[in-house]
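Here is a short note to read beside the model. Please keep the sequence open as you go.

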Amino acid sequence: MPFQALSEAFKKDKQKRAKLCRIYEETNGFLDQLNEHTAVKVLEESVDDFKTTLEDNMKNIKPRDQYIVLLAGETSAGKSSIINLILGEDLLPYKTLCSTSTICELKYGEKPAIRAHFENEEKNPPICREFGDPSQNFKEEIAEFTSSRTQDGRERAPCKKEGVMIVDSPGVGESQAMDECVHSYLENAFCFMYVIKSSNAGGVQEDRLLSLLQKVKAHKGNERMDDRLFTKSALFVSNFWDTIPPEEVDEVKNSQLEALTRKMGELDESQIIYMSCKRVQLAQSYGLITGEFHQLINGISSLLKSYMNDSLQIYYKWLDDFLFCASEKVRIALNLTTLSRNGIEKKMQKVMARMAELEKSQDQLFNELSEYQAEVIKKVINNLAAYFKSEETTRRFCTWSLSDLPEAKATWEETESEALRCISERARTFVQKWEEDEGHFARTQGTLIKYCSVKYDIMEEEIRYLQVEAGRPEQGNPSCEPPKRHTSRRRFPRIHSGLQGSTPMWFRQGLTSVVLDTPFIYNFPEKLKRNFQHKKKLETFKRAPDAYMQMESMKCLGLIANEESLLPFINDQLKDAVQFLKNIKAKISRLREGDKLLYSKLREANSRSTLQIKEVYEPIRSRLEVLKREVTVFEVNSLRTSDFSSKELQWNQDDKSIVGRGSFATVYSGVLLRQGQPKVEVALKVYNNPLRSSNISHFIGEEYSLRYLNHPNIIKFFGTHLHQSSPSWTKVMIVLELCKCSLNTRIMSKPENAPAHCKDETARVNVLLWAEQILDALNYIHDQGFVHRDLKLDNLLAVDLGMLPCSNFDSSSPVFGERKRLTVFAAKESLSSLLPHDLQ
């Protein structure tokens, strides 16, 4: 049934939340055991109030008792009809005219019943009415309440038994009291659908949608409110589509998309559903499901999955970054055990001196960022001031029609206040239209955040590199220059979904488009109000209100179009970007202070022996590694999405399709079919076992290397496919270029063609060509900061035209200025340098 999509989505969300909550609890318990340990004190300096954040996150990710599905939209747009369609029964009343003037909550109850809540429950207690016959159609009973009260309908339905509460609301903008009630659901809504009445001249009532967006902006400070609910995770249903003439369909679609994009930013076409409830209801009466209704159900399912994953991504990323930060501190302490006490002292002196230089240079960079921000904001001020000074804007701003004029009130003070409010609202409307046409605020905010993100990455990299230098044994004369920008910072790198773009996960950016909710003139100096206080009295206004409004509008423009007046207003509109710069400045400062504390503690601990230091830090390191792996397993199994759909990959899991076997995976041949593209023969590397903490590093390391490296002599990577075989088993497949055979097979199948046995010059040329390609690939790999670590004939594959790509990167790893060495292959004279100093 249609509502099964809701029920199944919420059930999976509860399972995911329970898993992530368990990892949080394990992390919290582990940190409680450390208590006053040095590592905890260092983390307190590096991560702002991490204990409180850890506990708050645990509360927020606990499985919900109730999931709210909120339907809002225009008056008489058919919201109640859509709910009836989703439920599969004719439950809520609906008419051509507005039939819902209350908030209607539908949720699970043991008995069919309706409960009505009055606005003033002290004087009017709730009314509860139960129905004896569960099969009874009680739409008429509900209709009795939907014109005057908030009502709470309960029925036995599998959809709502999972804790689902569907909320039907009156038309947005019809009643301020009802709008406030609808807004109260926004904070906790998991699914938001906005219904558009297409028969209303085919357009979107932008003022109604704008009122919702203004409320969303007011919620931005609430950590439980994710603003993406109204951007990439919102669903718009354009109802009454059967009333649009066929010749106007494309025009109306483009008009609606343009209007929604102006308010919401970029939208995917799948976020707008064009349908006719009347047509769908008729089909359902014959037991049929129309394509438009099927699209609606798929849209709801995708919407829920996207929003739930996005909300959990915030908490997963915070924990992942926190564990990485903690493990880095412990790694430094353990790596220093390879140095003598005198060596540690010299190393720490050198590192602290470098930190002082770094602090000075980064503070200078922050000053430059502040100057750049001020320069960019000044350009916006000049553009907006020029807009208000233009003849066309002046003419339109100062022209008042009879319908726009404010009404005269009982007193001059009231009339004066109303006139000021009207002019202020007009100024806000003009700026909103200017922003929608030009996009200055949105573009400037995006530019500032992106520019600061790049600088933040550089500064964070400098600090991370200094950590590497601090924990690296002195060997020769290591360079103090940081590694290249692209080298990874994580032993288990992650490929993020791009939800946050290039900005750090701890900054949650708001709406794509800027929504003006600040009273425009009220932010200005009191000068304008003083001007109003000395005007003619009420009689003058009544005789010529248009002349009065024109005169005051001209004065208003004179005050608006200058930097002093516009600066506070524009700073408020760009407060995300302004706050972002403050955030990264505080973040970098905390990272530096945490590292300085660590280095000073390591100097103090210099009196302890290597074995004592290892006894303290090695158990911590081991436990952090386990927690990091568990978090990564959760991300792959629960949050990551496949690069392909099941229909795009064709393959058979049988012996005939096997092209290779390994200890971790089996490789099958298959075909990749993408819409609009020719089919491609591919190799599917299918992991033999479910992803667990014990084997996750092999998959993550190989996928990261393949996704990052791009070279003609490295096997081509198409993507990753994740198949949920069972609730606890995600089958992982890496989709690669299909090659003919390995170099080992080619040589051993025809040993007579080897240069040692063949006098043909072509054989020698081929070997030299292979060597050149191998060296070219290795040079590229090393230049990107990786080492292969498993280079052999079986991992060199042959394709057409004599190309020889390298493969099997599950043993590769990024390096940070130091080469990993396998002790088993080390020369005996170098073994001593690998031992702790007090054991050499």
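Which helix holds E55? E55 sits in helix 3, residues 50-61. Helices here are DSSP runs of H or I, at least four residues, numbered from the N terminus.

1. Basis. This is a predicted model, where local features need pLDDT of at least 70, side-chain atom pairs count only at pLDDT 80 or more, and totals for chains, interfaces and linings use all residues. Residues are numbered from 1 along each chain as its sequence is written, and side-chain values use heavy atoms, with hydrogens and water left out.

2. Negative patch. D32, D49, E55 and D56 form a negative surface patch. Patch residues have over 30% relative accessible area and no salt bridge; like charges are joined within 9 Å, nonpolar side chains within 5 Å. A salt bridge is a Lys or Arg side-chain nitrogen within 4 Å of an Asp or Glu carboxyl oxygen. Areas use the Shrake-Rupley method with a 1.4 Å probe. E55 is partly exposed, at 41% relative accessible area. Buried means under 20%, exposed over 50%, partly exposed in between.

3. Nonpolar patch. L282, Y286 and L288 make a nonpolar surface patch of about 370 Å². L282 belongs to helix 10, residues 277-285. L282 counts as exposed, at 52% relative accessibility.

4. Core. The largest nonpolar core has 62 residues; Y24, L319, M348, I584 and Y599 touch the most other members. Such a core joins buried Ala, Val, Leu, Ile, Met, Phe, Trp, Tyr and Cys residues through side-chain atoms within 4.5 Å. Helix 11 gives the most to this core, 13 residues.

5. R396. Helix 13 (residues 391-398) contains R396. R396 is partly exposed, at 34% relative accessibility.

Note on methods: Lys and Arg count as positive and Asp and Glu as negative; His and the chain ends are not counted. The place of a charge is taken as NZ of Lys, CZ of Arg, CG of Asp or CD of Glu. Helices (H or I, at least four residues) and strands (E, at least two) are DSSP runs, numbered from the N terminus. Buried means under 20% relative accessible area, exposed over 50%, partly exposed in between (1.4 Å probe, protein chains only).
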